[in-house]
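These are my notebook entries on one protein model. I set down what I looked up, in the order in which I looked.

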Amino acid sequence: MDNILIILQLLLAHVLTDFVFQNTKMVKHKRNYKGKSWYLYAHSLLAGVLTYIILQDWNQFLIPIVIVITHFFIDLWKLHQKKDNLKYFIIDQILHLMILVIAWLYLINGFSEVLPAIATFFTSTQALAIFTGYLIVIFPVGFIIGKATERWQKEISNEEAQSSLNKAGRYIGIFERILVLTFILINNFAAIGFLIGAKSILRFSDTKGARKQTEYVLIGTLMSFAICIIIGLAIRYLVFK
């Protein structure tokens, strides 16, 4: 059986279980009754049944059973958390995906290939250049821009607090830098211009009469784009030289 097909089948079973065949009523019942909720048991059983049906390996019972058990305990752990927020949702999904990857490796007899694949990644100039590039534009570049524009932050802090979502600018900056770097790596420079135009319309249309805030956003945006373009071109040189 195709290795890629197997992981896609496992993912499909998970998506159907957690997002298609689970509604708000079921989620609320599970949060209220936790381990006593029959929905939790039915939900976990469904994960295993769908896995068994979609894999179509009728002699393979171990993986569906493991999926049922692990799905139950991962969801039970999440239900006992005080908050049902994005943090715990992401952790919950990461745990499920880890189980799916382990199941996939078992089905394809791929455990022996894990360490060589990791070693190959850390000895590949292309892979490390791209991975490190994304890490740089997400974290250090944001810090650099924050420090570089620090002198103007106090001037617009009160104005921005009244008209902007908390930390919205930070996350907008992260996503725009990821997009800019991606556009450079796929050699789609025209899309960067489109991104600048879209941001200009959305951000500056709400800052009429707020000259300082407009200038502050413009400085941060141009600085962010310039650094990302330089990093992107450097990566392209390393990867495609």
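How many helices and how many strands does the protein have? I counted 12 helices and zero strands, where helices (H or I, at least four residues) and strands (E, at least two) are DSSP runs numbered from the N terminus. Read from the N terminus on, the elements run α-α-α-α-α-α-α-α-α-α-α-α.

Before going further I noted the ground rules: this is a predicted model, in which local features need pLDDT of at least 70 and side-chain atom pairs count only at pLDDT 80 or more, while totals for chains, interfaces and linings use all residues. Residues are numbered from 1 along each chain as its sequence is written, and side-chain values use heavy atoms, with hydrogens and water left out.

**Overall dimensions**

I looked up the radius of gyration, which is taken over C-alpha atoms, and found 24 Å for the protein, whereas a compact globule of 241 residues would have a value near 18 Å; the globule rule is 2.2 Å times the number of residues to the power 0.38. The C-alpha trace spans about 65 × 50 × 25 Å along its principal axes. Of the 241 residues, 34% count as buried, where buried means under 20% relative accessible area, exposed over 50%, and partly exposed in between (1.4 Å probe, protein chains only). The protein exposes about 15400 Å², of which carbon and sulfur atoms supply 68%; accessible areas come from the Shrake-Rupley method with a 1.4 Å probe, and for residues only the protein chains shown count as cover. I then turned to contacts, meaning heavy atoms within 4.5 Å, and noted that among those between residues at least 6 apart in sequence, 70% join residues at least 24 apart.

**Salt bridges**

How many salt bridges does the structure hold? I found two, a salt bridge being a side-chain nitrogen of Lys or Arg within 4 Å of a carboxyl oxygen of Asp or Glu. In one of them the side chains of Asp-75 and Lys-30 meet at 3.5 Å, N to O. Asp-75 lies in helix α4 and Lys-30 in helix α2 (residues 24–33), so this pair ties together parts that are 45 residues apart in sequence. Asp-75 is buried at 6% relative accessibility, and Lys-30 is buried as well, with a relative accessible area of 5%. The other bridge joins the side chains of Lys-78 and Asp-84 at 3.2 Å, N to O; here Lys-78 counts as buried at 15% relative accessibility, whereas Asp-84 is partly exposed at 43%.

**A buried arginine**

I next looked up Arg-177, which lies in helix α10 (residues 168–185). Arg-177 is buried yet has no salt bridge, and the nearest side chain of opposite charge, Glu-176, is 5.4 Å away; for charge, Lys and Arg count as positive and Asp and Glu as negative, with His and the chain ends not counted. What does Arg-177 touch, not counting residues up to four places away in sequence? I listed Val-137, Ile-138, Val-141, Gly-142, Ile-145, Ser-224 and Cys-228.

**A nonpolar patch on the surface**

On the surface I found a nonpolar patch formed by Val-15, Phe-19, Val-20, Phe-21, Leu-86, Phe-89, Ile-90, Ile-94 and Met-98, with about 830 Å² of accessible area together. The elements that give two or more residues to this patch are α1 (3–20) and α5 (86–107), and the largest share, five residues, comes from α5. Val-20 is found in helix α1. Patches are made of residues with over 30% relative accessible area and no salt bridge, with like charges joined within 9 Å and nonpolar side chains (Val, Leu, Ile, Met, Phe, Trp, Tyr) within 5 Å.

**Positive phi values**

Most residues other than glycine have a negative phi. I therefore noted Gln-56, whose phi is near 60°, and which counts as exposed at 52% relative accessibility. Gln-56 sits in the loop between α3 (38–55) and α4 (62–79). Asn-187 also has a positive phi, of about 60°, although it is not a glycine; Asn-187 lies in the loop between α10 and α11 (190–204) and is partly exposed at 48% relative accessibility.

**Gln-153**

My last entry concerns Gln-153, which is placed in helix α9 (residues 150–163) and is partly exposed, with a relative accessible area of 30%. Leaving aside neighbours within four places in sequence, Gln-153 is in contact with Gly-146 and Tyr-216. The C-alpha atoms of Gln-153 and Glu-215 are separated by 11 Å, the two residues being 62 apart along the chain.
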